[in-house]
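Here is my note on the model you sent. Please keep the structure open while you read the points.

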Amino acid sequence: MGMKERFLPLATVRKTFGKGGELILKFRPDVPQNIIDQLNKEEPVFIQLDGIPVPFFLTSIAFRGNDQAMVCFENYLSENLAAEWVGKKVKVLLLEPVEEE
């Protein structure tokens with residue numbers, strides 16, 4: 001059995017928060033809670049740039065209620081750098097089993 005990659009829309013970057021590159025993510029209401037709970041610093045999230053999913057690693061994540069999180073992306077540790085991602089859609093990579101013929 002093989003594995004198929006699929007990108008799941010996870011959240012939208014709503015705004016910057018603070019001076020250290022923090023961003024507020026607003027999770028989509030249709031994303032299963034177990035996917036949100038699996039966000040961590042080891043696995044990247046993705047933002048589509050010019051049609052290509054680009055990986056971003058989180059240096060921090062703090063959940064704010066059930067539908068938001070405050071995060072920092074690696075190498076984007078100032079408000080000016082992080083601001084370029086406001087309004088962008090954040091996705092996660094899912095691996096799904098596929099029956100091989």
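**Notes on the model**

1. Start with a loop residue. N75 sits in the loop between β6 (68-73) and α2. Helices (H or I, at least four residues) and strands (E, at least two) are DSSP runs, numbered from the N terminus. N75 has a relative accessible area of 59%, so it is exposed. The cut-offs are under 20% relative accessible area for buried and over 50% for exposed, with partly exposed in between (1.4 Å probe, protein chains only). The phi of N75 is positive, near 70°, and N75 is not a glycine.

2. A word on the basis. This is a predicted model, in which local features need pLDDT of at least 70, side-chain atom pairs count only at pLDDT 80 or more, and totals for chains, interfaces and linings use all residues. Residues are numbered from 1 along each chain as its sequence is written, and side-chain values use heavy atoms, with hydrogens and water left out.

3. D50 also deserves a look at its backbone. Its phi is positive, about 50°, although D50 is not a glycine. D50 lies in the loop between β3 (45-49) and β4 (52-56). D50 counts as exposed because its relative accessibility is 80%.

4. How many salt bridges are there? The count is four. The rule asks for a side-chain nitrogen of Lys or Arg within 4 Å of a carboxyl oxygen of Asp or Glu.

5. R6 pairs with E96 in a salt bridge, and their closest N and O atoms are 2.8 Å apart. R6 belongs to strand β1 and E96 to strand β7, so this pair ties together parts that are 90 residues apart in sequence. R6 is partly exposed because its relative accessibility is 35%. E96 is partly exposed too, at a relative accessible area of 27%.

6. E79 and K19 form another salt bridge, with 3.1 Å between the closest N and O atoms. This pair links distant parts of the chain, 60 residues apart: E79 is in helix α2 (residues 79-82), and K19 is in the loop between β1 and β2. Is K19 buried or exposed? K19 counts as exposed, at 68% relative accessibility. E79 is partly exposed, with a relative accessible area of 27%.

7. D30 forms a salt bridge with R28. Their closest N and O atoms are 3.1 Å apart. D30 has a relative accessible area of 53%, so it is exposed. R28 has 35% relative accessibility and therefore counts as partly exposed.

8. Turn to the charged surface. R14, K15, R64 and K89 gather there in a patch of positive charge. Patch residues have over 30% relative accessible area and no salt bridge; like charges are joined within 9 Å, and nonpolar side chains (Val, Leu, Ile, Met, Phe, Trp, Tyr) within 5 Å. Lys and Arg count as positive and Asp and Glu as negative, while His and the chain ends are not counted. Each charge is placed at NZ of Lys, CZ of Arg, CG of Asp or CD of Glu.

9. K89 has a further partner. The side chain of T12 makes a polar contact with the side chain of K89 (3.5 Å). Such a contact is a pair of N or O atoms within 3.5 Å; within protein, one must be able to donate a hydrogen and the other to accept it, and residues adjacent in sequence count only if both atoms are side-chain atoms. T12 lies in strand β1 (residues 2-16). T12 counts as buried because its relative accessibility is 17%.

10. R64, from the positive patch, is in strand β5 (residues 58-64). R64 is partly exposed, at 35% relative accessibility. P32 is 32 residues from R64 along the chain and 16 Å away. E99 is 35 residues from R64 in sequence and 39 Å away in space. P32 itself lies in the loop between β2 (23-27) and α1 (33-37), and P32 is partly exposed at 38% relative accessibility.

11. Last, the nonpolar surface. M3, L93 and L95 make a nonpolar patch of about 290 Å². Accessible areas come from the Shrake-Rupley method with a 1.4 Å probe; for residues, only the protein chains shown count as cover. L95 lies in strand β7 (residues 89-98). L95 is exposed because its relative accessible area is 52%.
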